[in-house]
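Work through the exercises below with the sequence and the structure at hand. Each task is followed by a solution in steps.

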Amino acid sequence: MKNPIGPFILSMLFLITFLLISNYAYGKTKSQWLNENPCMIKQVITSVEKDGVTTVTKEEVLKCQDGYDGPNYWELFAQFYYADLSVPAYCRYFARPDHPFKTPGLICLNEKGVWKEQ
C-alpha cells in the first residue's frame, strides 16, 4: 500500500520551487528599486585612534540621488519656530500619543514663565 501523503508533499515541493524561481525571474532589479526609492540611509562607520584608545562611531546618513540629503539645522529651526504664524507667541504644538484621537496639543508660556496646556 502506498503512502497517500507522499504525492501531496512532492506536488507541494514542486509548487514552492516554481513560485520561488518565478519570483526571482520576474522580481525587481536593484536599479528599478532605486528609481522608485531615490533616498537611502547609509551607515558610516569610522574609527579614530588617539593615545592608544580606539573610538568607533557609527552614524546613519540620508543620501538621495538628487543631492538633497534632508533638512539642515536651520531648516529644522525655522520649521519649529516659524512654521505656524496663526499660533500666538510662545505657544507650541506637542504630540499626545495617549490622547484617544492622537491630535496634537497646544502648550503656551504665560506671563509668569510657566507652560500651560490650552
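**Exercise 1. Find what share of the contacts between residues at least 6 apart in sequence joins residues at least 24 apart.**

Step 1. A contact means heavy atoms within 4.5 Å.
Step 2. Among contacts in the protein between residues at least 6 apart in sequence, those joining residues at least 24 apart make up 9%.

Two notes on the source apply throughout. The model is predicted, so local features need pLDDT of at least 70 and side-chain atom pairs count only at pLDDT 80 or more, while totals for chains, interfaces and linings use all residues. Residues are numbered from 1 along each chain as its sequence is written, and side-chain values use heavy atoms, with hydrogens and water left out.

**Exercise 2. List the secondary structure elements in order from the N terminus.**

Step 1. Helices (H or I, at least four residues) and strands (E, at least two) are DSSP runs, numbered from the N terminus.
Step 2. The protein has three helices and five strands.
Step 3. Their order from the N terminus is α-α-β-β-α-β-β-β.

**Exercise 3. Describe the open sheet of three strands.**

Step 1. Two strands pair if DSSP finds at least two bridges between them.
Step 2. The strand order is β3-β4-β5, and the pairing is antiparallel.
Step 3. β3 (91–94) and β5 (115–117) are edge strands with a single partner each, so one side of each has no neighbour in the sheet.
Step 4. From one strand to the next, the twist averages 30 degrees, taken between the N-to-C directions of lines fitted to C-alpha atoms, on a scale from 0 to 180 degrees.
Step 5. Four bridges join β3 to β4 (residues 105–109); Arg92 has Ile107 in β4 as its bridge partner.

**Exercise 4. Is Leu106 buried, partly exposed or exposed?**

Step 1. Buried means under 20% relative accessible area, exposed over 50%, and partly exposed in between (1.4 Å probe, protein chains only).
Step 2. Leu106 lies in strand β4.
Step 3. Its relative accessible area is 22%, so Leu106 is partly exposed.
Step 4. Leu106 and Glu117 are 11 residues apart in sequence, with 5.9 Å between their C-alpha atoms.
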